[in-house]
Amino acid sequence: MNCKEFQEVLPYIIESGGNAEEEEHLRTCPACAELVQDLRYIATQAKLLLPMHDPSPRVWTGIEQSLHQESLLREGRTSLWGHVTSIPAPAKSWTPVGWVMAALVLTAFSLVLINYHPQLPTTAPSAQNMSAQPVPLEGDDQQLMGRVSQQAPDVRRAYEDNLREVNAYITDARQAVERDPEDAVAREQLQDAYQQKQMLYEMATVRTLP
Amino acid sequence: MTRLIFAAGIGSVVALATAGALALPPVLPNDTRNETRMEIAADGTVNVINSAGVVNVHPGTGRQVVVVYTTHSPNLEVDTSTSPDRQRVEIRTHVLHEQKLSPEESRVEYDIAMPAGASVNVSTATAPITVDGVSGDVELSSNTGEIVVRNVAKAHVHIRGIASAISLSNITRGHVEITSTGGAVQMGGVTGPLVSVGTTSGNITYKGDCSGGGEYRLTTHSGAIDVTLPPTASVDLTARSVSGSVVNDFPLQEKSHVSFVPKAGSSFAGTSNSGSSSVELQSFNGRIRVKKQ
């Protein structure tokens, strides 16, 4: 079973747990497992959310008493809230706020399903995509960025971003060489990565910045 | 009826004038247009340093370098000089008294006409560079400005960019070396004894026949490499990626001897026709694709 087939039966899986084949896919595919976990969480939260916005009968009684005290509710007329208070709590209808919250939850649920595209692992993890947070620049790189910031703030961001990319390139290539010192491609890649960094430094320090 | 035609005519004139005014760049009070002519030796070099604005280089006539430039601030000037032996012409944008200029004020637009055979070096920070039809060597670098080179033959073309989009077309019998960190590199009809392109994250696109018995080397860390070859291409091709995918849709004959063991999906090797040019494609985790034109 692939991710597409799995998505087609997703509502049934959320509801019933799925069959053996679907369970097997769920165990082996981190992307689908994460999605199912998210959807189950949303469903749980949705169930908790609606009763939370349906106040207890005491609240309605209190409001009605206040309105009577303020003479805003005449004797002989029963307010909508008054009707509500006379209905036993389990059979009570949802409030407008409850309906709105339900609609929001359903919309959010639909959006998650519509926008879900499984991220299948196509490449091995690299230093570039391993961490979501940008790696801080250190030592010489920081000094270089200080110089660029002073002399050409317009291109500071471009240098910073590309310096990080090049550092990730060097890290990846170095790790590949360490894994297999005989790998000619990895060795050439490491050389290229260092050439890229050399170019960044030269361009920041030699001619182009006025 | 006459009134109607008259009104329509007036309306058309107003519309055309408005469109023309919108199409032209605004003329600011401090705009100054200058022209400088400098003698240069037949194999001389023109060096241009400009931060922002535009640099356009094209062929001229005679033995003079003709520089037309427009500045937008009195606090900025253009220095031009020629070495005594006329081997070197220097053109440099210079901010006076370390003034702080606005982005618009710091712009200088250059139009440079080059004598035949003279080489050109241009460095910019954000200014785009266009070189079209020159006959000497070309060396260009920019931090973020777009770089375009067209119609150059039998010359060295060396380009360096940080985040510059780079585009080369109709470069024949060239010695082409491009290093780009984040900018994409596009090549159409680029051939010669050496075509070497290296990027970190910039995509590389090559369309052409890799002719000339040359060495073509395209390498990237995480960018995609797309090569489109005609069936007549005579290439000895290898494509390898450390952890990216490699796809071949071009008919190749299997090689009897290769220096590595091809691995389906991450490397391949083969020849087409007589395999006169060496084409080497390498990535770390970027996708490589070779297809038929």
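Mentor: Let us start with the term itself: two residues are in contact when they have heavy atoms within 4.5 Å. Please keep in mind throughout that this is a predicted model.

Trainee: With which residues is Glu22(A) in contact, leaving aside its neighbours within four places in sequence?

Mentor: On that reading, Glu22(A) is in contact with Met1(A), Phe6(A), Val9(A) and Ile13(A). Glu22(A) itself belongs to helix α3 of chain A, which covers residues 20-28.

Trainee: Is Glu22(A) buried or exposed?

Mentor: The term buried applies under 20% relative accessible area, and Glu22(A), at 11%, therefore counts as buried.

Trainee: How should I read the interface between the two chains?

Mentor: The size of an interface is often given as the accessible area lost when the parts come together. Here chain B and chain A bury about 2800 Å² between them, and 57% of that area is on carbon and sulfur atoms. The contact draws 38 residues from chain B and 31 residues from chain A.

Trainee: How many salt bridges are there between chain B and chain A?

Mentor: The count is three salt bridges, and one of them joins the side chains of Arg160(B) and Glu202(A), with 2.6 Å from N to O. Across the interface of chain B and chain A there are also 11 residue pairs in polar contact.

Trainee: Which strands of chain B each supply at least two residues of the side that touches chain A?

Mentor: They are β8 (119-124), β10 (138-142), β12 (156-161), β14 (175-180), β16 (194-199), β18 (215-220) and β24 (277-283). Sorted by class, the side of chain B that touches chain A has six nonpolar, 27 polar and five charged residues.

Trainee: What should I look for in the backbone angles?

Mentor: Most residues other than glycine have a negative phi. With that in mind, look at Arg86(B), whose phi is positive, near 60 degrees, although the residue is other than glycine. Arg86(B) is placed in the loop between β5 (76-82) and β6 (88-95) of chain B, and with a relative accessible area of 44% Arg86(B) is partly exposed.

Trainee: Where does Cys210(B) lie, and is Cys210(B) buried or exposed?

Mentor: Cys210(B), which is not a glycine either, has a positive phi of about 50 degrees, and lies in the loop between β17 (204-207) and β18 of chain B. Its relative accessibility is 2%, so Cys210(B) counts as buried.

Trainee: How many aromatic pairs does a search of the whole structure find?

Mentor: The search finds two over all chains. In one of them, the rings of Tyr69(B) and Tyr110(B) have centres 6.0 Å apart and planes at 40 degrees, so the pair is tilted. Because Tyr69(B) lies in strand β4 (residues 64-71) and Tyr110(B) in strand β7 (residues 107-114) of chain B, this pair ties together parts that are 41 residues apart in sequence. Tyr69(B) is buried at a relative accessible area of 9%, and Tyr110(B) is buried at 2%.

Trainee: What angle lies between the planes of Tyr206(B) and Tyr216(B)?

Mentor: The angle is 75 degrees, with 6.0 Å centre to centre, and this aromatic pair is edge-to-face. The pair links Tyr206(B) in strand β17 with Tyr216(B) in strand β18 of chain B, 10 residues apart. Tyr206(B) counts as buried at 1% relative accessibility, and Tyr216(B) is buried with a relative accessible area of 1%.

Definitions and conventions. Residues numbered from 1 in each chain as written. Chains lettered and ligands numbered in written order. Predicted model: local features only at pLDDT ≥ 70, side-chain atom pairs only at ≥ 80, totals over all residues. Heavy atoms only, no water. Buried area = accessible area lost by both parts, 1.4 Å probe. Salt bridge = Lys/Arg side-chain N within 4 Å of Asp/Glu carboxyl O. Polar contact = N/O pair within 3.5 Å; in protein donor to acceptor, adjacent residues only side chain to side chain. Helix = DSSP H or I, 4+ residues; strand = E, 2+ residues; numbered from the N terminus. Nonpolar A, V, L, I, M, F, W, Y, C, P; charged D, E, K, R; others polar. Buried < 20%, exposed > 50% of the residue type's maximum accessible area, 1.4 Å probe, protein only. Phe/Tyr/Trp six-rings, centres within 6.5 Å; stacked < 30°, edge-to-face > 60°.
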